[in-house]
Amino acid sequence: MYRSHTCGELNASHINTEVTLSGWVQKSRDKGFIVWVDLRDRYGITQLVFDEERTPKEMMDRAQKLGREFVIQVKGTVIERASKNPNMATGDIELLVTELTILNESLLPPFTIEDKTDGGEDLRMKYRYLDIRRNPVKNNLVFRHKVTQQVRNFLSNEGFIEVETPYLIKSTPEGARDFVVPSRMNEGQFYALPQSPQTFKQLLMVGGMDKYFQIVKCFRDEDLRADRQPEFTQIDCEMAFVEQEDILNVFEGLTRHLLKEVNGVEIEKFPRMLYDDAMRLYGNDKPDIRFGMEFGELNEVAQHKDFGVFNSAELVVGIAVPGGNAYTRKEIDKLIDWVKRPQVGALGMVYSRCNDDGTFKSSVDKFYDQEDLAKWADVTGAKPGDLICILSGDKNKVRAQLSALRMELAERLGLRKPNEFAPLWVMDFPLLELDEETGRYHAMHHPFTSPKPGQIELLDTNPGDVKANAYDLVLNGNEIGGGSIRIHDKETQGIMLKHLGFSKEEAKAQFGFLMDAFEYGAPPHGGLAFGLDRLVAILGGQETIRDFIAFPKNNSGRDVMIDAPAAIDEQQLKELNLKLDLK
């Protein structure tokens with residue numbers, strides 16, 4: 001037995017108890033006649049004491065040579081601590097060591113294993129197994145476990161069955177790039193890793209499973225950022241004989257359950273917003289509604305004067321920044337520089353100060369009088385003491401730019417509080433979106449999403465106007481889940497694939513198995529998939545998913561710890577019938 005107790009459970013009730021502990025040396029303090037060692041495991045820290053009056057010299061010598069991260073086992077007696085530490089769960093006691101066994105020595109770690117470490121992100125990713133020993137990372141992984149357990153408990157109690165689906169599947173042309181895997185036994189052919197289990201969960205509905213879920217790895221070969229990984233985890237769910245309302249009710253229930261059990265927060269209202277309204281009021285389809293700053297469209301009150309920048313714009317739109325009139329001219333200039341960054345892409349920003357006395361002072365006073373500026377304040381909801389920030393240009397671009405500014409300002413103003421939660425359903429997305437480069441329409445979600453009832457005929461006349469029977473669940477400005485009612489008959493699926501540019505032969509080659517399955521009594525069905533990584537991060541008060549993944553990749557898609565991806569040797573290439581051409 002390596003331990004009778006963990007390093008986080010001993011307290012005053014254990015005084016005079018003989019115990020055995022095992023763990024890592026967090027740090028030691030050698031006073032010559034006495035040595036204190038902090039012993040750490042997953043559960044906490046216990047202070048060990050070696051005293052030359054009560055500790056044999058040979059053990060005292062070994063104790064003085066213990067280095068950081070040595071793995072040791074100790075036996076001893078729990079005694080009352082003379083100088084108690086109220087900040088430690090074990091701060092009332094210490095262990096007077098009677099036996100010391102060094103289980104494994106350690107090199108000096110490349111960074112300190114402490115909550116506030118001196119290691120940079122790249123270094124910590126290279127030594128991720130050491131980083132996991134730190135409380136912030138360890139606690140994030142424990143937190144992720146707690147969330148996934150609550151997900152399984154809720155869905156199981158709701159009658160869902162957990163079913164595994166294959167990882168080696170067929171590549172399809174929709175969505176992001178696939179990761180492909182060559183088949184040794186089928187020369188010249190390749191599997192793909194699933195971007196989601198979409199078609200398989202639909203086949204499970206055809207198979208009569210009725211309620212399915214899976215916590216599953218998905219893979220997408222796309223450019224990365226802080227909140228995106230090449231492999232990520234979904235809570236994938238599907239239900240048969242349901243309408244949209246049934247699905248929303250179930251997953252509102254799951255979200256309420258998680259917020260209550262994990263965060264101790266009661267949420268009653270799940271507002272619903274049309275996609276078109278989300279874009280008009282917030283400039284994106286996943287608005288953070290914990291704070292205001294809704295967009296005010298200013299075309300009617302700003303395009304009647306000789307200001308060419310506004311007159312030539314498709315959209316003039318602004319937001320009222322609460323208390324923003326307190327910004328100095330230098331601070332406003334910095335905001336203008338911020339929106340002109342390549343990541344945002346605005347050409348500039350017009351502003352108007354709302355003074356406490358009800359007057360206005362704008363950067364375009366040459367063109368607009370007080371009456372004009374009062375109308376701007378009315379449209380944007382600005383009050384005395386606020387600042388109106390205005391962008392103009394192409395409708396879609398300027399909405400995205402102002403959305404970025406809105407979120408940046410909210411961050412600076414402390415309006416995005418991690419312990420406040422505001423869920424939102426965004427509904428009625430466009431079924432298709434036009435690729436301006438190719439002139440072709442693509443499925444906004446995936447090609448199996450059903451159009452809203454009665455709109456299938458519009459695919460022939462106005463495909464861009466067709467709405468999807470789809471919905472996203474947004475939490476604190478992040479999409480945490482999305483889904484739709486699916487197409488469940490072969491005829492409608494064929495029409496959809498035709499409008500996505502598939503010939504009958506291509507549709508048969510890519511999706512024939514699903515179309516065939518629809519011939520055998522497919523039930524009406526729909527579902528939703530949560531992004532587990534992002535959901536856990538938001539519930540944990542953060543937004544970067546990498547901090548909640550045990551072994552994440554960096555922004556180049558590399559695992560710097562194991563040095564992957566890596567080249568394979570010539571023999572493996574030969575077995576796979578592959579030849580590299582890296583010119």
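**Close-up views of a predicted model**

**View 1. A look inside the lining of the largest cavity.** By class, this lining is made up of five nonpolar residues and two charged ones, with no polar residues. Keep in mind that everything shown here comes from a predicted model. Who are the residues in question? Met125, Arg128, Phe551, Pro552, Asp559, Val560 and Met561 line the largest cavity. The space inside comes to about 50 Å³. If you go through the whole structure looking for cavities of 30 Å³ or more, you find one.

**View 2. The second largest pocket and the pieces that line it.** This pocket holds about 840 Å³ of space. Its lining has 24 residues, and the ones closest to the centre are Tyr275, Asn396, Glu433, Leu434 and Glu436. Which helices and strands each supply at least two residues of the lining? They are helix H7 (275-282), helix H12 (395-412), strand S18 (432-434) and strand S19 (441-443). H12 gives the most, with five residues. Sort the lining of the second largest pocket by class and you get eleven charged, eight nonpolar and five polar residues.

**View 3. Asp38 and the residues around it.** Is Asp38 buried or exposed? Its relative accessible area is 9%, and buried means under 20%, so Asp38 counts as buried. Leave out the neighbours within four places in sequence, and Asp38 is still in contact with Trp24, Val25, Gln26, Lys27, Arg29, Ile45, Thr46 and Gln47.

**View 4. Two phenylalanine rings, Phe307 and Phe367, that pair up.** The whole structure has 15 aromatic pairs, and this view picks out the pair of Phe307 and Phe367. To describe a pair of aromatic rings, you give the distance of the centres and the angle of the planes. Here the centres are 5.0 Å apart and the planes sit at 40°, so the pair is tilted. The pair links distant parts of the chain, with its two members 60 residues apart. Phe307 is in the loop between helix H8 (299-302) and helix H9 (308-311), while Phe367 is in the loop between strand S15 (360-362) and helix H11 (370-380).

**View 5. The ring cluster around Phe307 and Phe367.** Ring pairs join Phe307, Phe310, Phe367, Tyr368 and Trp376 into a cluster. Phe307 counts as buried, at 12% relative accessibility. Phe367, with a relative accessible area of 27%, is partly exposed.

How values were computed. Residues numbered from 1 in each chain as written. Predicted model: local features only at pLDDT ≥ 70, side-chain atom pairs only at ≥ 80, totals over all residues. Heavy atoms only, no water. 1 Å grid on protein atoms, 1.4 Å probe; cavity = no way out; pocket = protein on both sides within 12 Å on 5 of 7 lines; lining within 4 Å. Points joined across faces, edges and corners; volume = space filled by probe spheres on them. Nonpolar A, V, L, I, M, F, W, Y, C, P; charged D, E, K, R; others polar. Buried < 20%, exposed > 50% of the residue type's maximum accessible area, 1.4 Å probe, protein only. Contact = heavy atoms within 4.5 Å. Helix = DSSP H or I, 4+ residues; strand = E, 2+ residues; numbered from the N terminus. Phe/Tyr/Trp six-rings, centres within 6.5 Å; stacked < 30°, edge-to-face > 60°.
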